[in-house]
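The stops below are given in the order in which to select them.

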Amino acid sequence: MSSQEPKTALRRPSSSGSYNAPDAFQHLNDGTAGLSVDDADDRLETRTTTTSPSPPVREARRRSAAAPTYDIPDDWANLDELAATSPVENVAEAPIYRHRSLEQIRSRDHEEREMRRAEPEHDNTAQLADVEPVDEKGEQHVSRLATQIYTISYLIFFAIWGTLARVGLSALTTFPGEPVVFSVLWANFGGSLIMGFLSEDRMLFRYEWGMPTYDQLLARAKANGNGNGNGSASSGQRDQVIDLVAAKKAHLATKKTIPLYIGLATGFCGSFTSFSTFIKDIFLALSNEMVTPELGTPSRNGGYSFMALLAVVIVTVSLSLAGLILGAHLAIALERFMPSIPYTLTRKILDPLGVLLGWGCWLGAILMAIFPPHNKWRGEILFALVFAPLGCLGRFYLAIYLNGKVASFPLGTFTANIFGTAILGMSWDIAHARIGGLAGCQVLQGIEDGFCGCITTISTWVAELNSLERRHSYIYGFSSVGAALAVMIAIMGGLRWSDGFSALICVS
């Protein structure tokens with residue numbers, strides 16, 4: 001946008017509401033679409049809308065100028081689930097296309113926030129003079145405290161269900177003769193697919209951002225382009241670029257402030273996938289400890305162990321990236337069939353229900369873990385549900401405070417993945433050490449499946465790999481896997497190549 005363009009305020013429908021979401025939500029990289037236009041498109045938008053802006057552009061301007069009404073703390077903008085670019089940015093299949101990286105989006109968001117802070121209040125009032133009046137009685141503002149409560153409650157609730165989905169899917173995919181022996185691959189692929197769908201989806205929260213769908217935008221562009229006989233770019237083509245840019249901007253600005261969306265992207269997808277288990281599978285493959293249900297552990301030399309390591313890395317990363325892109329394609333293909341969640345359902349029912357279910361389910365899991373009987377089912381599942389919200393919230397706050405430190409290297413996600421991998425390695429060692437029975441074996445299993453599985457994530461990691469500039473993406477990817485594997489070897493390798501792992505013994 002040109003710096004000379006007047007800023008306007010968002011005019012919501014009378015039935016709409018707005019969240020007072022913290023500014024730090026802007027750093028969530030879990031699935032928020034970025035802009036897919038190049039600098040020429042930006043200049044085209046500026047040149048075209050200066051004299052006669054189209055309705056989508058005016059709406060996007062209003063929403064952009066109304067960002068302070070969400071009252072979002074700056075550090076919440078570091079969540080890469082929400083800041084990462086869309087896996088399929090060129091939705092209109094334009095012949096000229098330029099990728100907008102995560103670093104560019106972070107830089108632009110930072111500049112816009114700084115400019116917004118520097119603007120005096122009286123200047124803002126003057127800039128809003130040309131906006132149609134808003135029906136204040138119809139707006140439903142949600143305070144910052146309530147927004148934080150809703151967001152944390154959704155994170156707790158979806159962390160529990162993400163853990164249940166991962167452990168359950170792992171049990172379903174472990175059987176004699178299974179084609180893939182590292183069963184967490186299914187969860188990593190599925191979680192990345194859901195992340196890609198949420199990244200590209202424009203329908204579930206359509207009433208939150210108030211913009212037309214892509215089908216409507218493209219149809220409008222084609223209609224406007226009919227009858228244009230000049231030799232330059234048609235007005236329909238210009239409108240298509242402008243409308244898609246406006247839609248992307250409006251959706252990006254609003255999606256970061258929706259607690260339910262943050263719960264789905266950061267809570268469920270992040271907890272459904274597990275980076276620490278992925279690294280554990282790499283170590284087990286490297287050390288010839290990955291047992292197949294049918295063949296046991298055959299002997300092999302170091303060369304085959306290295307090939308096994310490459311197999312786990314290549315298959316997991318490739319399928320997770322493929323799932324991310326496939327999910328985005330599904331969102332585009334199913335857009336006309338996807339329902340939208342009404343304002344009333346979200347504000348009046350889902351948000352309060354999320355608080356009740358989130359904290360209620362967590363409290364119920366804690367009480368069931370405290371009181372007997374402590375049988376095998378409780379040892380494998382229940383303790384994981386107790387520790388899952390702690391891991392999810394830990395990843396959430398690490399992303400908030402660290403992801404914005406280095407634009408080209410998501411330090412928060414990196415720290416969460418390495419820390420969770422270290423904790424899993426220590427838990428695995430204690431549970432498999434030759435020290436006889438261990439009364440806390442159920443707790444250790446819960447830490448591995450719950451805390452470590454939720455504080456580490458593959459879905460956010462591959463979303464960041466897909467969004468960063470190519471060189472930074474390779475540096476970040478290799479650094480994450482290399483550092484985590486080095487930590488795992490340092491923790492588990494000493495036991496594996498000295499006394500060796502004993503059979504897992506749990507004492508009820």
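**Confidence**

This is a predicted model, so colour the protein chain by pLDDT before anything else. The mean over the chain is 75, and 63% of its residues reach 70 or more. Select residues 1-16, where pLDDT stays under 50; the model has 56 contacts beyond four places in sequence for this stretch. Then select residues 121-139, where pLDDT is below 50 and the model has 22 contacts beyond near neighbours in sequence.

**The largest nonpolar core**

Which residues touch the most other members of the largest nonpolar core? Select Phe278, Ile282 and Trp461: of the 88 residues in this core, these three do. Next, show helix 15, residues 376-402, which gives the most to the core, with 12 residues. In soluble globular proteins, nonpolar side chains tend to be buried together.

Stay on Trp461 and display what surrounds it. Beyond four places in sequence, Trp461 is in contact with Phe275, Val317, Asn417 and Tyr476, and also with Gly477, Ser480 and Val481.

**Leu385 in helix 15**

Return to helix 15 and pick Leu385, which lies in it. Leu385 has a relative accessible area of 11%, under the 20% cut-off, and is therefore buried. Show its contacts outside the four neighbouring places on either side: Ile160, Thr163, Leu164, Trp362 and Ala365. Now select Trp161 and draw a C-alpha to C-alpha distance to Leu385: the two are 8.5 Å apart in space, though 224 residues apart in sequence.

**Thr277 in helix 12**

Move to helix 12, residues 275-286, and select Thr277 within it. Is Thr277 buried or exposed? Thr277 is buried, because its relative accessible area is 15% and the cut-off is 20%. With side chains displayed, find the polar contact of 2.8 Å between Thr277 and Ser274. Not counting residues up to four places away in sequence, Thr277 touches Val184 and Leu424.

**Helix 17**

Finish by selecting residues 441-455, which form helix 17. From first C-alpha to last, the 15 residues of helix 17 reach 20 Å, close to the expected 21 Å. Where does helix 17 bend? Centre the view on Ile447: the helix bends there by about 35 degrees.

Conventions: Residues are numbered from 1 along each chain as its sequence is written. This is a predicted model: local features need pLDDT of at least 70, side-chain atom pairs count only at pLDDT 80 or more; totals for chains, interfaces and linings use all residues. Side-chain values use heavy atoms; hydrogens and water are left out. Helices (H or I, at least four residues) and strands (E, at least two) are DSSP runs, numbered from the N terminus. The expected span of a helix is 1.5 Å times one less than its number of residues. The bend at a residue is the angle between axes fitted to the seven residues ending there and the seven starting there. A nonpolar core is a set of buried Ala, Val, Leu, Ile, Met, Phe, Trp, Tyr and Cys residues joined through side-chain atoms within 4.5 Å. Buried means under 20% relative accessible area, exposed over 50%, partly exposed in between (1.4 Å probe, protein chains only). Contact means heavy atoms within 4.5 Å. A polar contact is a pair of N or O atoms within 3.5 Å; within protein, one must be able to donate a hydrogen and the other to accept it, and residues adjacent in sequence count only if both atoms are side-chain atoms. pLDDT is the predictor's confidence in each residue, from 0 to 100.
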